[in-house]
Amino acid sequence: MTAAETKSNPKTIAVLGTGIIGAPVARNLQKQGFSVRVWNRTRAKAEALAASGLDVFDSPQEAVEGANIILTLLKDGASVLEVMKSAASGLSQGAIWIQMSTVGIQAIEELANFAERHGLRLFDAPIQGTRQPAEQGQLVIMASGPTQDRDTVQPVFDAIGKRTVWVSEKIGAASRLKLALNSWAFALTHGVAESLAIAKGLGVDPALVVDVVKGGPMDSAFFQSKAALILANDYPVSFSVANALKDAQLVMEAVEQADLTAEVAAAGLQRFRRALEAGHQDKDMAASGLV
């Protein structure tokens, strides 16, 4: 697609970051009729998208040229800011930037300042969901941003998610909500892992824990999926220990800044830290049970 063709297409989106979440997001956008331009730090990881007809670029600056909407799905706030600075010369004045990475409170403020300096309309829109919901277009999007642009971004959210929760017009509100939700996801993960470990340590088949919970008020798809990984001692990644550690640190930073007490979150952070130090950083976060 030429630059002129890109600029004439009101549904041109640049997706920066095509990892576990970014790649299926890009595919689902294309399926819904968007023209999708993608970039990934390791180009080889984006090449599969080229085979699906998406345009893959060597630099963020090239990817965003002529794009009306930019999505960032990267590791952390520092990575997002670095990539957007690299893309700066290709950004279109007035383009919409949907920031979907989990970056925490301080970083979203820095990104908002960048957006203001470059004339971008920013939406703070972290997601709830990992690999499978992303592949199925079943993510939950938590969004905060300007009311006047919501009709423009809603079709994007509808293409990749099952539901959008509008949090506030204030940038940063959705990132705060995401931290609270992550603390719950981590508590569930550690709870499953610890319960099965206690059963095993007491000489009881841990599969019986799952059998008792199944179909009852404590059951959930999340419980079943994490328990299955632990029982199989196999940890294909939906959300890695390394990423969980990063997000758990963001939770604790926010807690400390707000002068709150969060003892469960603090203990969970230490558990992820031990799992990473034990070499489990690239496994699913359920591997916290290995320590």
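In helix 11, the buried residues are Phe 223, Lys 226, Ala 227, Leu 229 and Ile 230. Buried here means under 20% relative accessible area, exposed means over 50%, and partly exposed is in between, with a 1.4 Å probe and protein chains only. Seen down the axis of helix 11, these buried residues fall within an arc of 160 degrees, so they line one face of the helix. The arc is taken from the directions from the helix axis to the C-beta atoms. As background, an α-helix has 3.6 residues a turn, so residues three or four places apart point the same way.

Before I go on, this is a predicted model: local features need pLDDT of at least 70, side-chain atom pairs count only at pLDDT 80 or more, and totals for chains, interfaces and linings use all residues. Residues are numbered from 1 along each chain as its sequence is written, and side-chain values use heavy atoms, with hydrogens and water left out.

Back to helix 11, residues 221-232. Helices (H or I, at least four residues) and strands (E, at least two) are DSSP runs, numbered from the N terminus. Helix 11 has twelve residues and reaches 17 Å from its first C-alpha to its last, close to the expected 16 Å. That expected span is 1.5 Å times one less than the number of residues.

What do the buried residues of helix 11 pack against? They pack against helix 9 and helix 10, the latter being 207-213. Contact means heavy atoms within 4.5 Å. On the other side of helix 11, Ala 221 and Ala 232 are exposed. Just after the helix, Asn 233 takes a positive phi of about 50 degrees.

Next, helix 9, residues 173-201, which holds Ile 198. Arg 176 lies in helix 9 too. Arg 176 counts as partly exposed, at 37% relative accessibility. Leaving out residues up to four places away in sequence, Arg 176 touches Ile 105 and Glu 109. The C-alpha atoms of Arg 176 and Val 103 are separated by 9.7 Å, and these two residues are 73 apart along the chain.

Last, a residue in a loop. Asp 149 sits between strand 8 (139-144) and helix 8 (150-160). Is Asp 149 buried or exposed? At 6% relative accessibility, Asp 149 counts as buried. Its contacts, again not counting residues up to four places away in sequence, are Ile 96, Arg 121 and Phe 123.
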